[in-house]
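Trainee: Could you walk me through reading a sheet and the helices around it? I'd like the general idea, then the case at hand.

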Amino acid sequence: MDPEQYLPLKAEVFRILMRLLEGPSHGYQIMTDIREATDGSVNLLPGALYRHLAKLLEQAVIEEVEGSELGSEADQRRRYYAVTPLGRQVARAEAQRLAQLLDLAAAHRLVDP
């Protein structure tokens, strides 16, 4: 599949993928990590997070993984998610798209190069 067909990603979706590229995680941890990484400026609500996760699952950009595969640290009551190879390609394509936009903004002296 062509990862370009998934672009552009919503900022929240890109943040979810970036978090999952660090390793499998469950929804609450994803929300907490994103909030902490943005110093509280991005606060995903559970409804929005799980809608995004459901769509990413449907698109095969992420997959659900068994907690038992993650070792003793995993809480077996939670659902864990991981990025698929397609998801990695989609994240890379989105990062490249954003980098091109940033280059354009820098060329117009809107941001520092």
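Trainee: In what order do the three strands form the open sheet?

Mentor: Strands of a sheet pair through backbone hydrogen bonds, either parallel or antiparallel. In this predicted model, the order is 1-3-2 with antiparallel pairing; strands are DSSP runs (E, at least two residues) and helices likewise (H or I, at least four), numbered from the N terminus. Two strands pair if DSSP finds at least two bridges between them. Strand 1 (25-26) and strand 2 (62-65) are the edges, each pairing on one side only. Four bridges join strand 2 to strand 3 (residues 80-83), and Glu64 sits opposite Tyr81 of strand 3.

Trainee: What does helix 1 touch on the sheet?

Mentor: Helix 1 (residues 11-21) touches strand 1, strand 2 and strand 3 (contact means heavy atoms within 4.5 Å), and runs at about 90° to strand 3. Angles run from 0 to 180 degrees between N-to-C directions, with axes fitted to C-alpha atoms, for helices over the stretch in contact. Helix 3 touches strand 2 and strand 3, at about 100° to strand 2.

Trainee: At what angle do helix 2 and helix 3 pack?

Mentor: Helix 2 (residues 27-37) and helix 3 (residues 46-58) pack at about 115°, axes 10 Å apart. So helix 2 is roughly perpendicular to helix 3 (65 to 115 degrees). Gly27, Tyr28, Ile30 and Met31 of helix 2 meet Pro46, Leu49, Tyr50 and Leu53 of helix 3.

Technical notes:
Residues numbered from 1 in each chain as written. Predicted model: local features only at pLDDT ≥ 70, side-chain atom pairs only at ≥ 80, totals over all residues. Heavy atoms only, no water. Parallel < 35°, antiparallel > 145°, perpendicular 65-115°, else oblique.
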